[in-house]
Amino acid sequence: MEVLRPQLVRIGGRIYRKNPIQEQTYQHEEEDEDFYQGFMECAEEPCDAYEVVQTQQGFRCTVKAPSLLYKHIVGKRGDTRKKLEVETKTSISIPKPGQEGEIGETRYICGVISARTRIDVLLLTFRRKQPFTHFLAFFLNEVEVQERFLKFQEEVLEKCSMDHGVDSTIFQNPKKLHLTIGMLVLLSEQEIQQTCEMLQQCKEDFIDDISGGKPLEVEMAGIEYMNDDPGMVDVLYAKVHMKDGSNRLQELVDRVLERFQASGLIVKEWNSVKLHATVMNTLFRKDPNAEGRYNLYTADGKYIFKERESFDGRNILKLFENFYFGTLKLNSIHISQRFTVDSFGNYASCGQIDFS
């Protein structure tokens, strides 16, 4: 990280500079226990930044957080909490592991605000290290599209199987064809419910206006690749666009993304959704259940390097550049759970909204 260009994080409408995190490891300690060595430097916060109440013990501020993140506030042997309490002159209470509740700081008002700010940064930092658990998506598993996809697979293997890296193992499961809007980290039932409510609010605020209360009729046609070398492709995808030539689908997914980014449920990485449906992915070669570029971290926040063998996509791109996968009527946005399947073989859905 460059000193003059530090990473910035947005919390509660404010922007903060985040210092690097240094993790100290100890022998004979479990690897999944993280210790936060460095804290964010920030200016003194105004009192109205958080809701602070006065009690008999002083002042108190609380924050709701999933129980899975409590250990990052406690730290090894309680070191992180002790450090916070000493530096901010507060007393920090944390629910027991496995119990949902609120993290609270009590004592002088300035110390409480400082502690709350630092806890927010800790929670955000370690939430970003959690593997994605859910995603917002349209399902693209209508019968016509599945049949055309299988036709595409058959013809590619017939005409391009001699090309380096091309074989049947790298094709998507036709029952899992989908169009991703954004990836989510949902660590409790409360956060799943919050996501359902947010999606319903999107429907009321703008989705109904854009869709007109009807399914969006789209075409899935043409293929493209993710990287910049057609001779070494890892992900090949089908393009999706409105059949009437309008920009309504792109506008809808971009506004959903923007709303979820503003709420903090989706970390802002892009300003616009790249509409695509993965049809070939080299991660499937060794793991049929792999899910593309999203397999980056284990459950304890450690980075995974996924070894993959690219394929030569030049002939596929030449022969199938305009391959037609079919027409679909997109009528629902789903909150899908990763690594799960429903009775139809698609990703299990934790909630959805319908356009009509």
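# Sheets and helix pairs of a predicted chain

Within strand β13, Ser336 is the residue that stands opposite Phe135. The model is a predicted one, in which local features need pLDDT of at least 70 and side-chain atom pairs count only at pLDDT 80 or more, while totals for chains, interfaces and linings use all residues. Residues are numbered from 1 along each chain as its sequence is written, and side-chain values use heavy atoms, with hydrogens and water left out.

## The chain as a whole

The protein chain comprises seven helices and 14 strands. Of its 356 residues, 49% count as buried, a term that denotes under 20% relative accessible area, with exposed meaning over 50% and partly exposed lying in between (1.4 Å probe, protein chains only). Among the contacts in the chain with a separation of 6 or more, 74% are made by residues 24 or more positions apart; contact here means heavy atoms within 4.5 Å.

## The sheet that holds β7 and β13

An open sheet is built from four strands in the order β8-β7-β13-β14, and the pairing is antiparallel. The edges are taken by β8 (178-184) and β14 (349-354); each has a single partner strand, so one side of each lacks a neighbour in the sheet. From one strand to the next, the twist averages 20 degrees. Helix α5 (residues 189-211) packs on this sheet and touches β7, β8, β13 and β14, and the direction of α5 makes about 10 degrees with that of β14. Such angles run from 0 to 180 degrees between N-to-C directions, and axes are lines fitted to C-alpha atoms, for helices over the stretch in contact.

## The sheet that holds β9

A further open sheet of four strands has the order β11-β10-β9-β12, again with antiparallel pairing. Its edge strands are β11 (277-281) and β12, each of which pairs on one side only. On average, neighbouring strands of this sheet are turned by 30 degrees against each other, direction ignored.

Two of its residues illustrate the pairing: Val218 stands opposite Leu328 in β12, and Tyr225 stands opposite Leu236 in β10. Helix α4 (residues 143-160) lies across β9, β10, β11 and β12 and runs at about 160 degrees to β12.

The table gives bridges for pairs from both sheets; two strands pair if DSSP finds at least two bridges between them.

| Strand | Partner strand | Bridges and sense |
|---|---|---|
| β7 (residues 134-139) | β13 (residues 332-337) | four bridges, antiparallel |
| β9 | β12 (residues 324-330) | six bridges, antiparallel |
| β9 | β10 (residues 235-242) | six bridges, antiparallel |
| β10 | β11 | four bridges, antiparallel |

## Helix pairs

Two packed helices are described by the angle between their axes and the distance between the axes. For helix α2 (residues 79-88) and helix α3 (residues 109-128), the axes come within 9 Å and cross at roughly 150 degrees. That makes α2 roughly antiparallel to α3, on a scale where angles under 35 degrees count as roughly parallel, over 145 as roughly antiparallel, 65 to 115 as roughly perpendicular and the rest as oblique.

On the α2 side, Thr80, Leu84, Glu87 and Thr88 meet Gly111, Ser114, Ala115, Arg118, Ile119 and Leu122 in α3. By class, this contact of α2 with α3 has four nonpolar, four polar and two charged residues. Ala, Val, Leu, Ile, Met, Phe, Trp, Tyr, Cys and Pro count as nonpolar, Asp, Glu, Lys and Arg as charged, and the others, Gly among them, as polar.

Val86 also belongs to α2. Is Val86 buried or exposed? At 63% relative accessibility, Val86 counts as exposed. Val86 and Gly111 are 25 residues apart in sequence, and their C-alpha atoms are 9.9 Å apart in space.

Helix α5 packs against helix α6 (residues 248-263) at an angle of about 150 degrees, with the axes 10 Å apart. Here α5 passes α6 in a right-handed crossing. The residues of the contact of α5 with α6 divide into nine nonpolar, four polar and five charged. Those that α5 brings to α6 include Met198, Leu199 and Phe206, and those that α6 brings include Leu252, Val256 and Phe260.

Notes. Left-handed = near helix turned anticlockwise from the far one by under 90°.
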